[in-house]
Amino acid sequence: MAPSREVRIGLLGMGTVGSGVAEILTNRAPDLEREIGLPVRLCRVLVRNPERRRGFALDQQLLTTNPDDVLDDPNINMVVEVMGGEEPAGTYIRRAMKAGKQVVTANKELVSKQGPSLLALAAERNVDFHYEASVGGGIPLIAPFKQDLAANRIGRVRAIINGTTNYILTRMTEDGVEFADALTEAQRLGYAEADPANDVEGTDAAYKLAILATLAFHTFVQPSQIYTEGITRLAARDFRYARDLGYTIKLLAMASDSDGQVEARVHPVLLNAHALLARVDGVYNAVQVEGDLVGKVMFTGRGAGAMPTASAVIADVIDIAQDLQREMGFITPVIHYDQAKRIQPMDEVRTRFYLRLEVADRPGVLAQITRVLGEEDISIASIIQKEVNDAARLAEIVIVTHTAREGALQRAIARLKRLDSVNDVGSTIRIEEDD
Ligand code: NAP
Ligand code: HSE
């Protein structure tokens with residue numbers, strides 16, 4: 001596409017994020033022009049239902065339900081995709097690139113599953129493809145990984161990258177409420193979506209971790225390769241025990257690379273209550289990165305919402321538009337991938353564990369449980385027993401183990417569940433050491 005004297009944007013989607021983007025493009029047009037050196041104009045906006053009320057009152061004439069009005073318009077030189085989902089967003093982005101249009105997206109699902117092939121197409125077509133808003137909303141993460149931290153070998157990434165679950169866990173920690181009540185409140189406040197499954201099952205965090213791990217370790221880490229467990233099974237009593245033991249419960253997204261082997265997982269953890277990540281509360285996100293040169297750095301801020309996310313989208317627009325203005329061709333974001341690295345199976349991961357069991361309160365029960373753990377080579381660090389139901393002669397036991405293999409722990413749990421004396425294995429939470 002020939003260099004242009006104007007940045008002409010086609011917006012795909014105008015929901016939460018798209019409304020924020022449209023508002024900034026409209027209300028801050030003079031600021032953007034000053035920053036970039038070229039006028040920026042929102043030309044067309046694709047939606048499903050033009051009658052819907054939106055977060056920003058845009059000129060109705062700009063709305064269309066026909067994607068061709070954006071993708072086949074030769075005057076539009078930049079496409080901003082904020083529709084979400086793999087399809088038709090992926091097809092539209094490919095069409096835009098093939099037509100020589102620059103592309104910005106906030107779509108974590110698409111980037112996590114198809115990022116390398118989209119970047120390859122962008123390179124082939126000599127267009128830019130930016131996705132800063134796909135992880136951590138307004139927190140700068142993608143650019144720091146690609147540029148500021150580029151001299152480092154990244155050893156580890158640990159992150160709280162889902163605001164909805166962090167809000168729910170904070171409520172459960174601070175107010176002792178059960179999961180269902182905290183979720184209802186998150187929905188009432190507009191943090192959780194009507195269908196919050198992707199958030200509470202950990203899927204949203206796995207998409208974001210896949211994007212970060214792919215950038216950090218120069219190998220394509222796909223969401224399907226990430227062990228993912230959500231927060232739905234956590235009970236208020238786990239939070240009380242965690243506090244007594246000096247821990248806080250968080251949903252962490254963790255990835256590391258050692259000797260060419262990548263470990264990537266998303267699940268609830270017990271985290272030392274004094275750890276930096278343990279003190280990131282409410283809807284805030286935080287990403288801690290360990291580089292061999294820089295040491296530990298942490299990025300934190302609002303990971304979702306119209307304006308924080310639009311802030312990252314507009315930063316990408318400015319970045320690409322500055323290249324347009326310089327008429328210098330694009331510094332195509334080629335990412336060099338190493339040969340595929342081995343993704344460590346979850347069975348091989350070694351952590352400490354917290355187990356909460358409901359057991360019969362009678363002689364010999366503890367001995368049965370410790371025998372099973374011993375035979376699976378799992379060493380116990382501490383046990384707390386509380387009588388919970390005197391009449392039914394049931395007791396609750398909380399066991400904290402030393403470091404053990406995941407596979408061994410899962411075998412032990414299966415055996416414990418078969419014991420007559422074990423009524424229920426209520427929770428199994430891995431313990432994340434802070435170092
Ligand atoms: P949203 O509120 O559901 O908005 C989606 C928009 O896309 C709507 O305007 C919808 O049209 C339009 N759309 C969807 N499918 C379409 C189709 N097939 N044809 C035409 N239009 C279509 O979503 P969102 O929360 O803004 O999220 C957008 C993207 O940003 C997602 O990839 C999400 O993961 C990402 N993201 C969101 C946040 C956040 O805080 N919400 C943060 C970071 C990243 P109608 O309005 O007519 O229904
Ligand atoms: N649903 C996500 C969250 C926001 O709760 O963090 C978009 O990334």
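Predicted model: local features only at pLDDT ≥ 70, side-chain atom pairs only at ≥ 80, totals over all residues.
Helix 5 covers residues 108–124, and its 17 residues should span 24 Å at 1.5 Å a residue; the end C-alpha atoms are 22 Å apart, which agrees. Then centre the view on Q114, where helix 5 bends by about 85 degrees. The proline P116 follows within four residues of that position.

Now inspect the two ends. At the start of helix 5, select N107: one of its side-chain oxygens comes to within 3.3 Å of the backbone nitrogen of E109. Just after the helix, select N126, which has a positive phi of about 55 degrees.

Move on to ligand 2 and show the residues around it, namely K108, N162, G163, T164, D199, D204, K208 and A304. Which atoms of ligand 2 lie 2.6 Å and 2.7 Å from K108 and G163, respectively? In the case of K108, a polar side-chain atom lies 2.6 Å from an oxygen atom of the ligand. For G163, a polar backbone atom is 2.7 Å from a ligand oxygen atom. At D199, by contrast, a side-chain N or O atom lies 2.9 Å from a nitrogen atom of ligand 2.

Finally, colour the chain by its domain assignment: domain 1 (7–137 + 306–323), domain 2 (149–302) and domain 3 (348–432). The C-alpha centres of domain 1 and domain 3 are 51 Å apart.

Definitions and conventions
Residues numbered from 1 in each chain as written. Chains lettered and ligands numbered in written order. Heavy atoms only, no water. Helix = DSSP H or I, 4+ residues; strand = E, 2+ residues; numbered from the N terminus. Expected span 1.5 Å × (residues − 1). Bend = angle between axes of the 7 residues up to and from the residue. Polar contact = N/O pair within 3.5 Å; in protein donor to acceptor, adjacent residues only side chain to side chain. Domains from an automatic or database assignment. Near = heavy atom within 4 Å.
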